[in-house]
Amino acid sequence: MNRPARLATVALTASAALLLTACGSGGGDDSSSDKIKGADAGGASASESPSASSSRGGVKRPEITLSKEFQADFENWTNSDPKLQAILNDGREELRSEYAAVIGADVNSEAVAFYNSKATLPSAHKWIKQFVDSDDTLIGKVTVFNPKPLISDSGSGVLYYCVDERQASTRNRKTGKIVKTADKPENVLQYRNRLDRTSQGVWKTTSSTVVPGACSR
């Protein structure tokens, strides 16, 4: 259920590039692949856990709710540095917002717009629209692990993390047909994101590349 690679990541600092090795090296080209598979045919009415805090840091953030039939587990998503934890928090919610938009068939999700910059929002919309157009939703589980956040010398945030999609599927809302994600190494993805902090204190994603098979588990 690989998502297509998004906008090519801008050049990272040397220290950021070192995160590739830390997250489980590999990579090859930033190639496109199949869409992510699975979730609740009834849309987003059934809920898992909503976002941790809608007013974290004094900023009112959108509440994001996933279907009971789709689970996103974030492992070891903590850091003792408050600034790096803030990057982890907003990076997590950016990913959850896109899953929720697919489940809710909401191409123009306010939450997706909240966590994405003008540079990455079109590609996020394009990814979500694939599911809306094919009338597919998400079921099963993804595991998000091995997060590596840092703040570059320029003040931008860099966040690498891995997503294991092999326990997730798509389900067609009309036919009920389920397509399972293949149990293959390329379905363990690495996300390489850059984030910039707004004046309101939100870390918005400003570039993102997804590399199939760049993580191992």
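In which sense do strand 1 and strand 2 pair, parallel or antiparallel? Keep in mind that this is a predicted model. Strand 1 covers residues 70-74, and strand 2 covers residues 136-151. They pair in the parallel sense, over five bridges. Look at Phe70: opposite this residue, in strand 2, stands Gly140.

Now the other neighbour. Strand 3 takes in residues 157-172. With strand 2, strand 3 pairs in the antiparallel sense, over 13 bridges. Strand 2 and strand 3 make a hairpin, with five residues between them. In that turn, Gly155 has a positive phi of about 95 degrees.

Next, helix 5. This helix runs over residues 121-134, which is 14 residues. From first C-alpha to last, helix 5 reaches 20 Å, close to the 20 Å expected at 1.5 Å a residue. Just after helix 5, Asp135 takes a positive phi of about 60 degrees.

Which residues of helix 5 are buried? They are Leu121, Ser123, Ala124, Trp127, Ile128 and Phe131. These buried residues pack against helix 3, helix 4, strand 2 and strand 3.

Let's take helix 3, residues 82-103. Two packed helices are described by the angle between their axes and the distance between the axes. For helix 3 and helix 5, the angle is about 35 degrees, and the axes are 9 Å apart. The crossing is right-handed. From helix 3, Glu98, Tyr99, Ala101 and Val102 meet Ala124, Trp127, Ile128 and Phe131 of helix 5. By class, that contact has seven nonpolar residues, one charged and no polar.

Note on methods:
Residues numbered from 1 in each chain as written. Predicted model: local features only at pLDDT ≥ 70, side-chain atom pairs only at ≥ 80, totals over all residues. Heavy atoms only, no water. Pairing = 2+ DSSP bridges. Helix = DSSP H or I, 4+ residues; strand = E, 2+ residues; numbered from the N terminus. Expected span 1.5 Å × (residues − 1). Buried < 20%, exposed > 50% of the residue type's maximum accessible area, 1.4 Å probe, protein only. Contact = heavy atoms within 4.5 Å. Axes fitted to C-alpha atoms, helices over the stretch in contact; angles between N-to-C directions. Left-handed = near helix turned anticlockwise from the far one by under 90°. Nonpolar A, V, L, I, M, F, W, Y, C, P; charged D, E, K, R; others polar.
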